[in-house]
Amino acid sequence: MKLYGFFRSGTSHRLRIALNLKRMAYEQVAIDLRREQHLTDAFKAINPQQLVPALDVDTSVMSQSPAIIEWLEERYPEPPLLPTDADERAHVRALAAIVGCDIHPVNNRRILEALRHRFGADEAAVNDWCGTWIGAGFDAFQSLLDAGGRSGAFACGDRPTLADVYLVPQIESARRFKVDMGRWPRLVAIDDACGRLEAFRCAAPAAQPDAG
Ligand SMILES: N[C@@H](CCC(=O)N[C@@H](CS)C(=O)NCC(=O)O)C(=O)O
């Protein structure tokens, strides 16, 4: 497998975590978003949407991290990233969707570039924008955890699920945008628990060959 990604991209980060948890071997191809390598014709031929990540699995090139992660779960069910119970699966998917559908898209690079160049936002305004949507999403994430009354070190029980796969990169990004994580102690505790697992540590942006 060949993963086209960028060390600091949250969606690449979440896919690396999922691949590592599934113990998949993969080669990495760095697409430097700072140098707009994703906007080249060469990368457009790989992913017409010109976003990372993309995963070349020999028979096809897949895009959209949620679709790729669900494919991984179906194709390589062990270890599972979703609970067996349907209600629990819905809970885990809801937590993942808070990040994947409601936080990440509005804080993506191209949105922030539009805020800067079309609407004159400076870095303080950009951080404020990101903090607003991260805060709203993390409030909901933590409320859902508190309301669920589930125990365990991870978002849903004693082993990582999709909810953790999505949460950890979003916390990494929140810290980059200088969001004070003090408001969400439970999320910080989950991040710490994930950080004790090699699959998460090896997926961290700082651990990638293109980090810098
Ligand atoms: N929904 C897509 C989003 C992919 C995405 O937006 N990736 C970001 C990096 S985290 C990107 O390539 N951004 C380039 C840009 O915004 O210019 C997924 O989950 O794969």
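In this tour, Ala, Val, Leu, Ile, Met, Phe, Trp, Tyr, Cys and Pro count as nonpolar, Asp, Glu, Lys and Arg as charged, and the others, Gly among them, as polar. The model on screen is predicted.

**The largest pocket**

Begin by selecting Gly10, Thr11, His104, Asn108 and Arg109, which are the closest to the centre of the largest pocket among the 50 residues that line it. The volume of this pocket is about 1200 Å³. Its lining divides into 20 nonpolar, 18 polar and twelve charged residues.

Next, display the helices around it. Those that give two or more residues to the lining include helix 1 (10–21), helix 3 (65–75), helix 4 (86–103) and helix 5 (109–119). Helix 6 and helix 7 also belong to this group. Helix 7 supplies the largest share of the lining, seven residues.

**Helix 6 against helix 7**

To see the contact, select Ile134, Phe138 and Phe141 on helix 6, together with Ala163, Leu167, Gln170, Ile171 and Ala174 on helix 7. By class, this contact contains seven nonpolar residues, one polar residue and no charged residue.

**The second largest pocket**

Now select Asn20, Leu21, Arg23, Pro79, Pro80, Leu81, Arg159, Pro160, Leu197 and Ala199, which line the second largest pocket. Its volume is about 160 Å³. The lining comprises seven nonpolar, one polar and two charged residues.

Stay on Pro79, which lies in the loop between helix 3 and helix 4. The peptide bond joining Glu78 to Pro79 is cis, with omega about -15°.

**Backbone points in the loops**

Most residues other than glycine have a negative phi, and most peptide bonds are trans. The remaining stops depart from that pattern.

Move to the loop between helix 2 (41–44) and strand 3 (54–56), where Pro53 is found. A cis peptide bond, with omega about 10°, joins Val52 and Pro53. Gln50 is also placed in the loop between helix 2 and strand 3, and its phi is positive, near 60°. Is Gln50 buried or exposed? Gln50 has a relative accessible area of 16% and is therefore buried, the cut-off being under 20%.

Finish at Asp58, in the loop between strand 3 and strand 4 (61–63). Asp58 has a positive phi, near 75°. With a relative accessible area of 73%, Asp58 is exposed.

Note on methods:
Residues are numbered from 1 along each chain as its sequence is written. This is a predicted model: local features need pLDDT of at least 70, side-chain atom pairs count only at pLDDT 80 or more; totals for chains, interfaces and linings use all residues. Side-chain values use heavy atoms; hydrogens and water are left out. Contact means heavy atoms within 4.5 Å. Helices (H or I, at least four residues) and strands (E, at least two) are DSSP runs, numbered from the N terminus. On a 1 Å grid over the protein atoms alone, a cavity is a set of points where a 1.4 Å probe fits but cannot get out, and a pocket is an open set with protein on both sides within 12 Å along at least five of seven lines; lining residues have an atom within 4 Å of a point. Grid points are joined across faces, edges and corners, and a volume is the space filled by probe spheres set on the points. Buried means under 20% relative accessible area, exposed over 50%, partly exposed in between (1.4 Å probe, protein chains only).
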